[in-house]
Amino acid sequence: MLNTGAATVSGRSISDIIAQARVLDKEVIRSKKTAYSQKGGTAVLFGNLAPDGAVVKRAAVVPEMMVHSGPARVFDSEEAATKAIIAHNIKAGDVVVIRYEGPKGGPGMREMLTPTSIIAGMGLDKQVALITDGRFSGATRGSSIGHVSPEAACRGPIAVIKEGDIISIDIPNYKISVKLSDKEIKGRLAKLPEFESKIKTGYLKRYVEHVTSASTGAVFK
């Protein structure tokens, strides 16, 4: 995967640098045989809730939350979700859904660290999952699933999730779904109003009009 013949700023090629490299602490830089985990730290999940995928940092998910099913608690912004969590309106078993925070909806795909931090601080990260079309930082822990694509602003299925809909997460099998039939999802989407951004002027307006899904890198079309 590396072009080992490529030059670096030192003037030496990558292969030359690799040849002279030494591992000083094998507990930090591990070999394949002594890997910290047999699987990568992240996983991409697919299902009727995220047809184009969603991302979870599975290395930070406790074993009891690797497979989880619970009722959706739906919020159309990070602020609304944070307020509900602080007010102790989120209970064990719930699946918090934060939508309209994707590349187009945010706009800009804001980081959802505040609600996940509060959930963890309350000791609910072993009992509550969080799903969003927004993103997370490397500090996130728990069953926090982001980058849900298509996002709500692009009429992805996450846009029509209702309070109480049962959401199932199966990280070992790379699945995320809502217990609704395809017919029900299509029916709800048909009734969904067109997304209207709160940004009406300036560069961000242009961004909203041209940015693509998180699954394609949120680049401009």
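**From a surface patch to the strands**

Modeller: Val23, Val28 and Ile29 form a nonpolar patch on the surface, and their accessible area together is about 280 Å². The model is a predicted one. Val23 belongs to the loop that runs between helix H1 (14-19) and strand S1 (43-47).

With a relative accessible area of 36%, Gly41 is partly exposed. Setting aside neighbours within four places in sequence, Gly41 is in contact with Val56, Lys57, Arg58 and Ala59. Thr4 is 37 residues from Gly41 in sequence, and the two C-alpha atoms are 25 Å apart in space.

Now to the strands. Strand S6 covers residues 144-149 and is mostly covered, with five of its six residues buried. Two strands pair with S6. Strand S2 (residues 50-56) pairs with S6 in the antiparallel sense, over three bridges. In this pairing, Gly53 stands opposite Ser149 of S6. Strand S5 (residues 129-132) runs parallel to S6, and two bridges join them. Here Ile131 is the residue opposite Ile145 in S6. As a general point, side chains in a regular strand alternate between the two faces of the sheet.

The loop between S5 and S6 contains Ser143. Ser143 has a relative accessible area of 2%, and because anything under 20% is called buried, Ser143 is buried. Beyond its neighbours within four places in sequence, Ser143 is in contact with Val61, Met65, Asp125, Ala129, Leu130, Ile169 and Ile171.

Leu45 deserves a separate look. Leaving out neighbours within four places in sequence, Leu45 is in contact with Ala50, Gly53, Ala54, Val56, Ile145, Ile169, Ile171, Tyr174, Lys175 and Ile176. Of these, Gly53 is the residue opposite Ser149, and Ile145 is the one opposite Ile131. Ile169 and Ile171 are contacts of Ser143 as well, and Val56 is also a contact of Gly41.

Last, the whole protein, to set this part in context. Its secondary structure comes to five helices and eight strands. Read from the N terminus, the elements run α-β-β-β-α-β-α-β-β-β-β-α-α. The C-alpha trace spans about 60 × 45 × 35 Å along its principal axes. Of the 221 residues, 43% count as buried. The protein exposes about 12,300 Å², and carbon and sulfur atoms supply 57% of that area. Among contacts between residues at least 6 apart in sequence, 63% join residues at least 24 apart.

Note on methods. Residues are numbered from 1 along each chain as its sequence is written. This is a predicted model: local features need pLDDT of at least 70, side-chain atom pairs count only at pLDDT 80 or more; totals for chains, interfaces and linings use all residues. Side-chain values use heavy atoms; hydrogens and water are left out. Patches are made of residues with over 30% relative accessible area and no salt bridge: like charges are joined within 9 Å, nonpolar side chains (Val, Leu, Ile, Met, Phe, Trp, Tyr) within 5 Å. Accessible areas come from the Shrake-Rupley method with a 1.4 Å probe; for residues, only the protein chains shown count as cover. A salt bridge is a side-chain nitrogen of Lys or Arg within 4 Å of a carboxyl oxygen of Asp or Glu. Helices (H or I, at least four residues) and strands (E, at least two) are DSSP runs, numbered from the N terminus. Buried means under 20% relative accessible area, exposed over 50%, partly exposed in between (1.4 Å probe, protein chains only). Two strands pair if DSSP finds at least two bridges between them. Contact means heavy atoms within 4.5 Å.
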